[in-house]
Amino acid sequence: MKSDELECGSEGLLSPPHTHQRTVLHLDADCFYAQVEMVRQPELRDKPLGIKQKNLVVTCNYVARSQGVKKCMWLKEAMEVLPELVLVDGSDLTHYRRFSTQISGVAQSLTHRVERLGLDENFIDVTDLVDEYMNTTGSSDIEGHVFGDKEPVSMDLVDPCGCGCRDRLVAGSLVAKQLREQILKETGITVCAARSIPGIGSATFSVLKDLGISTVQELQDVPLKLLRTKFDSKTCNRLKKVSNGIDETPVRKSGKAQSVGLEDSFTKVNSVAEVKVKYQILLERLLKLLKEDGRVPVSIRVSVRKFDLAKRFGHRETCQTPISSSLFPDGVNNVGENARASLMKTVMGLFQKMVDTSKDFHLTLIGVAFNKLIERVREGKNISSFFGKHTKEKTTETYKYTMDNGCKRLCVPLSPEKSCDGYESIREFEQISMDKLNDKTLLTSEPLDPILDLESTDCRRVDNTEAHHQSKYRISTLSRSKGSGPTVVPKSKIILILFSSRSGREHSLKAQHIEIGRGGRGRGASNFYHDRRVDDYGEDVFRVGRPSDYRQDPPIVQPLRVVGCYSVDEDRTFGHDRTVLKFIEPQYLTKEGKTKVNIDLNRGWGKNSPYTGLAEDSSINLYQWILNNSETLIDSDDTPTRLDVDFICMRRCLTLLMKIPYNVKEKWAMQAEYFRGTIYLVYYASPEELEQKKSDPPYMKKISIWGHKFEQFMTGGDPDEGVCANEEFRCVLKVKVDNFSCLLAPEVDGADPELFEEDFKDLSSFITVKCSKEVDTTDAFKVECFRKFKLHQWWIENKLSGIPRVVVGFRTEEGQIYRLENYDTDKLPTLAKGLWEPSVSLNILSSFLAFIKKKVMEAPEAVHRFERQSPIVIRHSIVPSVRGAAEGSIKVLPDWYREQLFSPSDQE
DNA sequence: CTGGGGACTT
DNA sequence: AAGTCCC
Ligand SMILES: Nc1ccn([C@H]2C[C@H](O)[C@@H](COP(=O)(O)OP(=O)(O)OP(=O)(O)O)O2)c(=O)n1
Ligand SMILES: [Mn+2]
């Protein structure tokens, strides 16, 4: 067998190992940062506590978890889930470092063989202690209990492989218990053990997912050949082994840190002065950390993260350089002014290497670290560095203990083998049952036999698990009744300890349903987008997905048909004619697409007349038009009972819906009402929104007027005359979105005089005109925003109307336009590649219309409200009816419309 | 419109 | 220096 092939022979995966020499404990602090804060401020203990870093709630205590707050949840979402959440800022890790060191210190008082992982995990090799214990205590005389006080060791737990590891397991569990008690005593922190499959992070997992692999079993089963198409043989081998419970990574003693650094993130820093201040602050803090460390740095590294919408986050640029040891003549305890200044100079020098400060820049993070540290030079001796010597140990195997709490299954990788530490496994068990269950295990179809009683074990007393009591996953009474008692089934070197009458085989298969993805971050609500399997929000919530969730199906075809048009004149008078239809000046419609112009939007300024109508006027006008033209909309001429459309609304509503996955921050509400076979949908402005509108800053009005002014230019109006914001020309359109037909009445700006035909049936001869602020092309952020939002908006509006092009006038801050650009509607998506996709917008529109229809038809008499409350939540509610009150805005349809539609008076 | 670290490998 | 893994 070739060495790079996976071993599967009798000595390979399918047989248990023969010698298990080590015993290793694996401790993990409970909700670490939160616990530290609760120890520091005991009054926080019974409150739901979240630890935040900027906009992220990085962890929270179990009170909060029991009420729906998750680790790594966005602050906003956490506050939505639990408004009473008490927040403590955890951006400064100083205290967490201190407690972490203390915890490891307790472990180190037992043995030097302690490996730290992050701030709250420790692997502790207690082989020597266990051996000692075993030597002084005859194997058969070992006192202690694997799974708590109630069950004697001599229970039927068999030695998995005959090497005696069962006894070491028992002894190890005693050490673990003492250690945890000691840690609690010295630091006030409770610990357990917890990990999922190591070595499969977000990158590996996303590749696996593409191969259709998301569970342990699938990884076990996947042909090596298929795996090899994506990974090198080493990785394949490791993945296969790890899926079978074999993890050969040795425990390494953690020496002193190899680097110590600090970071600060922000939404935007773009001046050197600001950068300097930020680095200065970081450096000062870092020197304090350095002082605690005691060693002298010989290399410094600075990092930046530049704003980049495409790469999002995670990409940092770094730059490092050696530091002269002469900077620290007296060690690191007291760093003089000169040394500090020199370090700052070095930092800024490295910074300038990464960022061209002569041009505009936009940073979202800076960091500085000492990435090489040496012990102080002793007088008369040679310089020598003492990096923690990590002598690799002989590889041994890791077991996964799989248990079952009656509800869900989980898989516990114990640290490198021999640990055989069932006690810690149980703690893991308890932990997972409270908050890791959803993303790390799968529900089994049937509940299995309950197995353990942790309530009455020492485990319970040692651990602070308030939420344990509330957890619906709590392990219930001990019952290993039926049949054979616990069985230990060696399967592919996974040892399954099962307390059940079922065959071990069956269980081992079920255990393989455990999901392998750790998913990197976003463990809780996952960056706006929650675990899709969990629906905590109920039937009345439409959960917004990622854009990719709407990408699958091809875009929906939508034939368009103009069924009529109408005008609104300067007095807001409604007319069934084309009096205000305008034509675009041919001089602006060049084929090249770009035109140089010189337009002053401020001409005739004093003569402009503002918009005097109300927001709901446009719907009212449409309803008026429908009453007058209902014959064009009915499907059969004998007994008109319904208009031949599913939805009637303004284009604005559909536009908002189509932006849902991308305009994550856009808040809105709409109301819908069912009447005679059709759903009427209108934008709903809350009282607060109306109030805010009143105090719109003047520049908003100016921009609006400029828009009209630009239209005036484009349609050949006299620039020295004022514009009239009241004038509108609207076309009534029928659009088919998936299976839903919608009636819209978008305003159209003007027609191409060369293409226009009197009896136009669609808007292919029309042109949209937009006035938009000139984009600063040196500002990547603004360019991306333009492509992501403006181009999207224009595409949607034109797509819904069937208008083939938009001519954009780019204005300066002062209202001057020097260039026009033509965009063909169908080419807009290409210009915005990677930022939005037509199929996504069309699919979300279709699925949300379906949601509206479903909700409205559940109560066809009621007025329904749909409100986007957060990036991921659009909530449906029924608006309480207000009898007799003059609450015009509460209703969707005016009474006169209800009375007149299909009534005889309409037939004249 | 996005924590704050750190270790190891390439 | 960047990427991947981990908390
Ligand atoms: N992506 C992450 C993961 C963890 N941590 C920090 C916050 C945690 O408090 C600490 C320990 O990580 P754990 O995954 O062990 O989480 P907790 O200890 O908070 O919770 P649990 O009780 O589930 O162990 O590390 C972090 O800042 N960022
Ligand atoms: Mn933890």
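Predicted model: local features only at pLDDT ≥ 70, side-chain atom pairs only at ≥ 80, totals over all residues.
Let me step back for the overall picture. Chain A has 24 helices and 31 strands. Of its 908 residues, 53% are buried. As for contacts in chain A with a separation of 6 or more, residues 24 or more positions apart account for 72% of them.

Helix H1 (residues 32–40) and helix H4 (residues 94–108) have axes that come within 10 Å and cross at roughly 95°. That makes the two helices, H1 and H4, roughly perpendicular. On the H1 side the contact is made by Phe32, Tyr33, Val36, Glu37, Val39 and Arg40, and on the H4 side by His95, Tyr96, Phe99, Ser100 and Ile103.

Next is helix H18, which I'd like to show you with two partners. With helix H21 (residues 780–801), the axis of H18 (residues 651–658) comes within 10 Å, and the crossing is at roughly 130°. H18 and H21 are therefore oblique to each other, since 65 to 115 would be needed for roughly perpendicular and over 145 for roughly antiparallel. The crossing of H18 and H21 is right-handed. H18 brings Arg651, Leu654, Thr655 and Met658 to this contact, and H21 brings His792, Gln793, Trp795, Ile796, Glu797, Leu800 and Ser801.

The other partner is helix H23 (residues 838–858), which packs with H18 at an angle of about 115°, with the axes 8 Å apart. H18 and H23 are therefore roughly perpendicular to each other. Their crossing is right-handed. Here Leu654, Leu657 and Met658 in H18 meet Ser841, Leu842, Ile844, Leu845, Phe848 and Leu849 in H23.

Stay in that area for Ile660, in the loop between H18 and S22. How accessible is Ile660? Its relative accessible area is 0%, so Ile660 is buried. Leaving out residues up to four places away in sequence, Ile660 touches Val544, Trp668, Ile844, Phe848, Arg868 and Ile874. Ile660 and Gly545 are 115 residues apart in sequence, yet their C-alpha atoms are 9.1 Å apart in space.

Gly716 is in the loop between helix H20 (698–714) and strand S24 (728–737). Its C-alpha atom is 5.7 Å from that of Glu585, a residue 131 positions away along the chain. Gly716 has a relative accessible area of 43%, so this glycine is partly exposed. Gly606, in the loop between strand S20 (594–600) and helix H17 (617–629), counts as exposed because its relative accessibility is 75%. Gly606 and Asp720 are 114 residues apart along the chain, and 9.7 Å separates their C-alpha atoms.

Last, some backbone angles for you to check on screen. Which phi value does Arg676 have? Arg676 has a positive phi of about 45°, although it is not a glycine. Arg676 lies in the loop between strand S22 (669–675) and strand S23 (678–683), and at 39% relative accessibility it counts as partly exposed. Asp738 also has a positive phi, near 55°, and is a residue other than glycine. You will find Asp738 in the loop between S24 and strand S25 (740–744); Asp738 counts as partly exposed, at 34% relative accessibility.

Methods: Residues numbered from 1 in each chain as written. Chains lettered and ligands numbered in written order. Heavy atoms only, no water. Helix = DSSP H or I, 4+ residues; strand = E, 2+ residues; numbered from the N terminus. Buried < 20%, exposed > 50% of the residue type's maximum accessible area, 1.4 Å probe, protein only. Axes fitted to C-alpha atoms, helices over the stretch in contact; angles between N-to-C directions. Parallel < 35°, antiparallel > 145°, perpendicular 65-115°, else oblique. Left-handed = near helix turned anticlockwise from the far one by under 90°. Contact = heavy atoms within 4.5 Å.
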